[in-house]
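Trainee: I'm new to this one and would like a close look at a single part. Could you take me through the cavity and then the pockets around it?

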Amino acid sequence: MSEADYKELKKGGMMRQAEAGHFSVRLHVVGGRLATPQLRSIQEAADRFGRGEIHLTARQGVEIPHVPQDALAAVKAFLAPSGVGVGVAGPTVRTVTACQGCRVCPSGVIDSPALAEAVDKELYGKPVPHKFKIGVSGCVNNCMKAEENDAGIKGWIEPRWEAPACTFCGVCQAVCPTKAISTSEDGVALIVDPTLCIGCGDCITSCPSGNMREKIRGYRVFAGGKFGRKPSLGRRILGVLRTKEETMTAIVAVLGFFREHGNPRERFGDTLQRTGFPALETFVNERMGLS
Amino acid sequence: MTAPLLDITGDVCPMTFVKVKMGLQRIVPPGKLNVRLKEEALKNVISSLKTEGHRVTNVSREGTIFLLEVENSPGAIK
């Protein structure tokens, strides 16, 4: 098989193994969720075309290893009726990861699987200068490690202090994990520093008088993270976004910036090192009509 | 009558709230319980109290130790 042929196969999720003539078949999974008929179909495919093994990847994906080259088309056709598609590799938008979100997890702030589905539908497999990973964490406990992704999203609670019944008891300041809350110089107001606030909502949960309230229960976008050989963490961009739709627009805009400014085989974080984060934020704000 | 004092400065979660809950069960609503606790127990104790329908009616502090006055609300979860 020529390298050109292999590149085509790889784009379609067929990963060449160390063992000549064998492939690990990457499947299309969104947010680590599979229906039981799909699981049964994958099990059957692994038994029939592989060696009865399934590999769970680092980013919630599933691969069927040990599939001979001449069975690749057959395994794809076998899985299709159960709604299991093959994955992608190379310079594309990769598997969108997600936690269980607010419909399952008591800590969840956003419906992470719903956002992951929307992102996947719009962007999965789309060509980009280099691999592009997107992950959605339902809250700031960050199980999906938003900052490790080229674009990461976290559920975020932005607090708002209201004066009327506040007794300045100090509980919110004591529980704040980043010490983002301070008392104004004249001692009559509490100030939440948005650059320090991590959107956990602990100040709201703990406030005995109900004077710390939710201003926004929404989405926070992080950009430029990666792991691999030269890890770097993504940084938060934009303000807290209120809706899934607004967040989708932001992610599409982030990807648009990468397409416009990224060099081939350059990860997004490296692109941002060259352009700076303000250029990205200006671009995204313009696309969102917020300039 | 002075409200009884419960000191949970030597306890860790979840015993902090377990002891507060047991303390409140011994008080006829709408009675009060004073709880002495460390800063790190504040979030879990106050959020659990609110979830169960009790009210924190006063807060004072001595350095990193807080003193909560908790009202055992009649409608609280038993």
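How do the residues of the lining of the largest cavity divide into nonpolar, polar and charged?

Mentor: They divide into eleven nonpolar, three polar and one charged. Here Ala, Val, Leu, Ile, Met, Phe, Trp, Tyr, Cys and Pro count as nonpolar, Asp, Glu, Lys and Arg as charged, and the others, Gly among them, as polar.

Some ground rules before we go on. This is a predicted model, so local features need pLDDT of at least 70 and side-chain atom pairs count only at pLDDT 80 or more, while totals for chains, interfaces and linings use all residues. Residues are numbered from 1 along each chain as its sequence is written, chains are lettered from A and ligands numbered from 1 in the order in which they are written, and side-chain values use heavy atoms, with hydrogens and water left out.

Now, the cavity. On a 1 Å grid over the protein atoms alone, a cavity is a set of points where a 1.4 Å probe fits but can't get out, a pocket is an open set with protein on both sides within 12 Å along at least five of seven lines, and lining residues have an atom within 4 Å of a point. Points are joined across faces, edges and corners, and a volume is the space filled by probe spheres set on them.

Searching the whole structure turns up one cavity of 30 Å³ or more, and it holds about 90 Å³ of space. Of its 15 lining residues, A:Pro159, A:Cys176, A:Cys197, A:Cys200 and A:Cys203 lie nearest the centre. β7 (151–161) and α6 of chain A each supply at least two lining residues; helices (H or I, at least four residues) and strands (E, at least two) are DSSP runs, numbered from the N terminus.

A:Cys200 turns up again in the second largest pocket, where it lies nearest the centre along with A:Ile157, A:Gly201, A:Asp202 and A:Thr205. That pocket has a volume of about 420 Å³ and 20 lining residues. Two or more of them come from each of α6 (202–206) and β10 (212–223) of chain A and α2 (42–51) of chain B. By class, the lining has eight nonpolar, eight polar and four charged residues.

The largest pocket, at about 850 Å³, has a lining of eleven nonpolar, six polar and 16 charged residues. A:Lys10, A:Gly90, A:Arg94, A:His130 and A:Lys131 are the closest to its centre, and α1(A) gives the largest share of the lining, five residues.
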